[in-house]
Amino acid sequence: MGVGITVEHLNAFYGKTQALFDINLAVQANHATALIGPSGCGKSTFIRCLNRMHETIPEARVEGSVRIGDLSVYNGTSATQLRRRVGMVFQKANPFPTMSIYDNVAAGLKLNGFRKRKLLDEVVERSLRSAALFDEVKDALHKKSGASLSGGQQQRLCIARALAVQPEVLLMDEPCSALDPISTGKIEELIFQLKEQYTIVIVTHNMQQAARVAEFTGFFLLGKLIEFDKTEKVFTNPSDKRTEDYVTGRFG
Amino acid sequence: MNSTLATPIPVLQISWRRRATDRLMTALSILTVLIVLTPLAAIFAYLVYKGVASLNLAFLTQTPKPVGEVGGGMANAIAGTGMILAIASLMGVPLGIGAGIFLSEYGRNRYGDAVRFVSDVLNGVPSIVIGIVAYGLVVVRQKHFSALAGGVALAIMMVPTIARTTEQMLLLVPQSIREAAYGLGISHWRTTLSITLRTATSGIITGVMLAFARVAGETAPLLFTAFGNQYWNWDLRQPTAALSLQIYTYALSPFDDWHRQAWAGALVLITLIVGAVAAVRIAVRHGKLAGA
């Protein structure tokens with residue numbers, strides 16, 4: 001089951017440059033939350049603070065508190081432990097190129113010391129089914145490299161790989177930005193199904209996509225969270241003028 | 001906007017000058033390839049021409065005959081070269097790859113720069129000097145020449161090449177692949193070993209084979225380490241024959257039969273090196289997945 005996320009007074013920095021300013025927000029469990037805003041507004045930085053990916057960049061640091069379920073992200077939890085519970089799908093599909101489809105999906109478990117063959121087989125099949133990819137690849141699980149799939153299939157493979165470690169939260173950083181409308185449709189359908197089991201936070205440049213998949217939407221501008229509300233409210237009756245300008249396309 | 005251009009854009013005519021330049025440049029690049037390949041082909045052809053006559057079963061199975069007797073072979077030297085190269089690879093390859101991992105994953109700082117500089121300098125140290133180092137490190141302490149000393153000398157020569165190519169190959173692995181692994185909760189060291197290193201494998205193997213091929217024919221560092229031996233020897237602590245040493249000794253001798261054997265030895269040495277490199281390449285390709 002998914003868990004909720006509470007963010008309080010979050011500030012993020014790249015060296016001396018501050019990228020996020022005092023972010024406060026609560027993400028509901030088992031719902032999809034979309035983050036929108038112009039390029040460089042900090043939405044990717046924000047999502048990367050949720051699984052401590054931000055700090056893998058040299059000189060990057062974070063202040064403030066993030067709680068994921070009962071886990072305090074920046075207080076007493078190791079990054080690897082946390083990331084097993086908070087999966088991530090990246091903007092560009094990044095399957096492990098030297099691994100087969102099967103090994104790609106099993107990687108998270110195998111490399112964390114899981115070796116039971118039968119269980120792995122089960123998890124791989126279940127994850128590929130959840131990502132709506134199983135039927136397309138079932139004949140080549142061990143024969144084909146993950147990099148040999150099409151772009152849309154690769155992204156679904158990455159989703160399956162994230163699901164295999166059975167996270168509670170799934171972070172998606174513009175997962176459809178490099179995909180055609182059909183693949184995008186498949187992934188959006190997937191988000192609908194995944195909501196039942198996971199909490200989803202999705203960064204997107206596509207406002208229609210946010211409106212389609214998410215119950216809640218947050219609007220970022222210049223490193224600040226301008227508005228956070230029900231998606232319908234944000235798109236039809238925003239309380240901030242800047243949000244209205246952005247969602248109606250009058251912005252900048 | 002609805003406009004028609006006053007003059008339509010003409011279909012691009014490729015002028016005869018562009019065609020001629022194209023042909024000329026293609027011809028030039030083929031020519032350079034031929035120039036590069038000619039010495040290699042010439043050396044190999046000449047070795048076959050000079051060496052194949054003395055290459056027989058006895059050459060591959062017998063030890064050298066005493067001075068004055070015709071016949072005998074270099075079997076002990078072939079085995080000795082294999083032994084010394086095995087020792088060198090066992091020591092040099094892990095050390096080199098380890099140093100490469102350090103440089104790429106943990107060495108983006110002043111300490112890494114120092115290692116990089118030292119490694120590049122080591123790459124330029126004459127091989128005979130490396131031989132003296134191994135002499136001082138191993139031979140002086142053991143109080144006699146040995147295969148081990150020869151292996152140490154060659155290992156020292158392999159390390160910088162392997163370290164620098166490993167570093168370059170690891171740096172070519174996109175950051176997004178590492179992030180994918182971190183995102184699954186895989187630790188840094190696990191990611192380096194099982195994801196980054198594995199993704200860069202074929203490039204690293206190329207670097208290892210380059211280093212291997214380079215030291216396989218070295219003579220100078222073996223002169224006062226492995227020293228050479230006229231008899232069979234399987235003891236790592238004893239003086240050991242090597243093909244390059246045997247070729248060196250025989251080529252400088254006044255005997256025609258030894259000269260012929262030196263040619264045959266050179267042919268065997270180059271064939272073994274080419275064979276080893278080709279075998280590794282085929283093995284690597286064989287293990288690859290479709291589309292990888």
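Modeller: Start with helix 4 and helix 6 of chain A, whose crossing is right-handed. Helices here are DSSP runs of H or I with at least four residues, strands are runs of E with at least two, and both are numbered from the N terminus. This is a predicted model, where local features need pLDDT of at least 70 and side-chain atom pairs count only at pLDDT 80 or more, while totals for chains, interfaces and linings use all residues. Residues are numbered from 1 along each chain as its sequence is written, and chains are lettered from A and ligands numbered from 1 in the order in which they are written.

Helix 4 covers residues 117-130 of chain A and helix 6 covers residues 151-164. Their axes come within 8 Å and cross at roughly 130°. Axes are lines fitted to C-alpha atoms, for helices over the stretch in contact, and angles run from 0 to 180 degrees between N-to-C directions. The two helices of chain A are therefore oblique to each other. The classes are roughly parallel under 35 degrees, roughly antiparallel over 145, roughly perpendicular from 65 to 115, and oblique for the rest.

Now the residues. Helix 4 of chain A brings Val123(A), Val124(A), Ser127(A), Leu128(A) and Ser130(A) to the contact, and helix 6 of chain A brings Ala160(A), Leu163(A) and Ala164(A). Contact means that two C-beta atoms, placed from the backbone, lie within 7 Å. By class, six of these contact residues are nonpolar, two are polar and none is charged. Nonpolar covers Ala, Val, Leu, Ile, Met, Phe, Trp, Tyr, Cys and Pro; charged covers Asp, Glu, Lys and Arg; the others, Gly among them, are polar.

Next comes a helix that packs against this pair. The buried residues of helix 3 of chain A pack against helix 4, helix 5 (134-137) and helix 6 of chain A. Nine of the ten residues of helix 3 (residues 101-110) are buried, so this helix is largely enclosed by the rest of the structure. A residue is buried if 20 or more other C-beta atoms lie within 10 Å of its own, exposed if 12 or fewer, and partly exposed in between, with C-beta atoms placed from the backbone. Among the buried residues of helix 3 are Tyr102(A), Asp103(A) and Asn104(A).

On to the strands of chain A. Strand 9 (residues 216-221) has six of its six residues buried, so it is largely enclosed by the rest of the structure. Both of its faces are covered. Phe216(A), Gly218(A) and Phe220(A) lie on one side, and Thr217(A), Phe219(A) and Leu221(A) on the other. Strand 3 (residues 32-36) pairs with strand 9 in the parallel sense over four bridges; two strands pair if DSSP finds at least two bridges between them. There Leu35(A) has Gly218(A) as its bridge partner. Strand 10 (residues 224-230) runs antiparallel to strand 9, and six bridges join the two. Phe216(A) faces Lys230(A) across that pairing. Strands 9 and 10 form a hairpin with two residues between them, and Leu222(A) in the turn has a positive phi of about 50°.

Another group of strands in chain A forms an open sheet. Its four strands come in the order 2-1-4-5, with antiparallel pairing. Strand 2 (17-27) and strand 5 (71-72) stand at the edges with a single partner strand each, so one side of each has no neighbour in the sheet. Seven bridges join strand 1 (residues 5-14) to strand 2. Ala12(A) stands opposite Leu20(A) there.

Ile23(A) also sits in strand 2. It counts as buried because it has 23 C-beta neighbours inside 10 Å. It touches Val7(A), Leu10(A), Phe46(A) and Leu225(A), leaving aside residues up to four places away in sequence.

Last, chain B. 20 of its residues are in contact with 27 residues of chain A. On chain B's side, helix 7 (175-183) and helix 8 (188-199) are the elements that give two or more residues. Helix 7 gives the most, with six. The axes of these two helices of chain B come within 10 Å and cross at roughly 150°. They are therefore roughly antiparallel to each other.

Definitions and conventions: Left-handed = near helix turned anticlockwise from the far one by under 90°.
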